[in-house]
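Open the model in your viewer and keep the sequence panel beside it. The tour goes stop by stop, with something to select at each.

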Amino acid sequence: MTPAATHPRGAAVWARDLAMGARFAVGGGREGWVRTLLTAVGVGLGVTLLLGAASVPHLMESRQERRAARLIDLNTEKGTRPGAGTLLYRYSDTEFRGAGVHGTLLRPDGRSPVRPPGVHTLPRAGEMVVSPALDELLATPGGALLHERLGRTVVGTIAAPGLAGPGELTYYAGDDGLTASGETHRLSHFGGELPPRR
């Protein structure tokens, strides 16, 4: 309610205008009701559009923060020595029916290794934790082929802090055969700065 409407005289004017608008809507017959309905729908759509546009920057920023939190920065990990909190990792990406599936193989060096964001317990050899979207895909009849290709048992799902988006297909798997050579590296922490956009 406007400040003018709080004054007795202002309230009377406001009520009179409201009543006049109602009479126009009712007195106009079907066309009046249609105009009123279209106006209400237009206002509703406009408000929804504005709210959606206002939320986009926040969603994009949140997505970037989650991606940065799970980033592995090779530059800062060079020369990392084995320790209780370190682990070996190697990427193991694949593609299934045109969709990319991002995988990371892990092998802890000690008893208290770092964990990727959204992962409560590291998978052991032969196990994997997957994103909810990948879990749903693997549970479908068509996903059986992918499950066989990955060759591991699903023991958990990755929580929201470890995912860039709800539809992401990603997993972390335990692999005791990893050694620090070639494409296998050692890390002591997750998180870093994403490269600037071009």
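Contact here means heavy atoms within 4.5 Å. Keep that cut-off in hand for the first selection. Bear in mind, too, that this is a predicted model.

**Stop 1: T104**

Select T104, which sits in strand β3. Is T104 buried or exposed? T104 counts as buried, because its relative accessibility is 2%, and buried means under 20%. Now show what surrounds it. Setting aside neighbours within four places in sequence, T104 is in contact with Y89, R90, Y91 and S92, and also with Y171, Y172 and A173.

**Stop 2: the whole chain**

Zoom out and colour by secondary structure. The chain has 6 helices and 7 strands. Walk along the sequence and the order reads α-α-α-α-β-β-β-β-α-α-β-β-β.

Switch to colouring by confidence. The average pLDDT of the chain is 80, and 65% of the residues score at least 70. Which elements mark the two ends of the scale? Helix α1, residues 3-6, has the lowest mean pLDDT among the elements, at 49, while β4 has the highest, at 98.

Of its 198 residues, 28% count as buried. Take contacts with a separation of 6 or more: residues 24 or more positions apart account for 71% of them.

**Stop 3: the largest nonpolar core**

Hide the surface. Select V101, M128, L134, L138, L146 and Y171. The largest nonpolar core has 15 residues, and these six touch the most other members. Next, highlight the elements behind the core. At least two residues each come from β3 (99-108), β4 (127-130), α5 (132-139), α6 (144-150) and β6 (170-174). Which element gives the most to this core? That is α5, with 3 residues.

Centre on L146. Beyond its neighbours within four places in sequence, L146 is in contact with T94, F96 and V101, as well as L134, L137 and L138.

**Stop 4: the salt bridges**

Show charged side chains. Side chains of opposite charge can pair when their charged atoms come close. How many salt bridges does the structure hold? It holds 4.

Start with D109. The side chain of D109 meets that of R186 in a salt bridge, at 2.7 Å from N to O. This pair links distant parts of the chain: D109 is in the loop between β3 and β4, R186 is in strand β7 (residues 185-187), and 77 residues separate them. R186 counts as buried because its relative accessible area is 17%. D109 has 25% relative accessibility, so it counts as partly exposed.

Together, R107, D109 and R186 are linked in a network of salt bridges.

Now pick E127 and R124. Their closest N and O atoms are 4.0 Å apart, and the two form a salt bridge. Compare the partners. E127 is buried, with a relative accessible area of 19%, whereas R124 is exposed, with 61%.

**Stop 5: H189**

Go to the segment after β7, where H189 lies. H189 is partly exposed, with a relative accessible area of 33%. Draw a distance line from its C-alpha to that of I72. How far apart are H189 and I72 in sequence and in space? They are 117 residues apart in sequence and 7.7 Å apart in space, C-alpha to C-alpha. Not counting residues up to four places away in sequence, H189 touches T76, E77 and V114.

**Stop 6: a surface patch**

Finish on helix α3, residues 29-69, where L37 is found. L37 counts as exposed because its relative accessibility is 54%. With L37, they form a nonpolar patch on the surface, with about 300 Å² of accessible area together.

Terms used. Residues are numbered from 1 along each chain as its sequence is written. Side-chain values use heavy atoms; hydrogens and water are left out. Patches are made of residues with over 30% relative accessible area and no salt bridge: like charges are joined within 9 Å, nonpolar side chains (Val, Leu, Ile, Met, Phe, Trp, Tyr) within 5 Å. Accessible areas come from the Shrake-Rupley method with a 1.4 Å probe; for residues, only the protein chains shown count as cover. Helices (H or I, at least four residues) and strands (E, at least two) are DSSP runs, numbered from the N terminus. Buried means under 20% relative accessible area, exposed over 50%, partly exposed in between (1.4 Å probe, protein chains only). A nonpolar core is a set of buried Ala, Val, Leu, Ile, Met, Phe, Trp, Tyr and Cys residues joined through side-chain atoms within 4.5 Å. pLDDT is the predictor's confidence in each residue, from 0 to 100.
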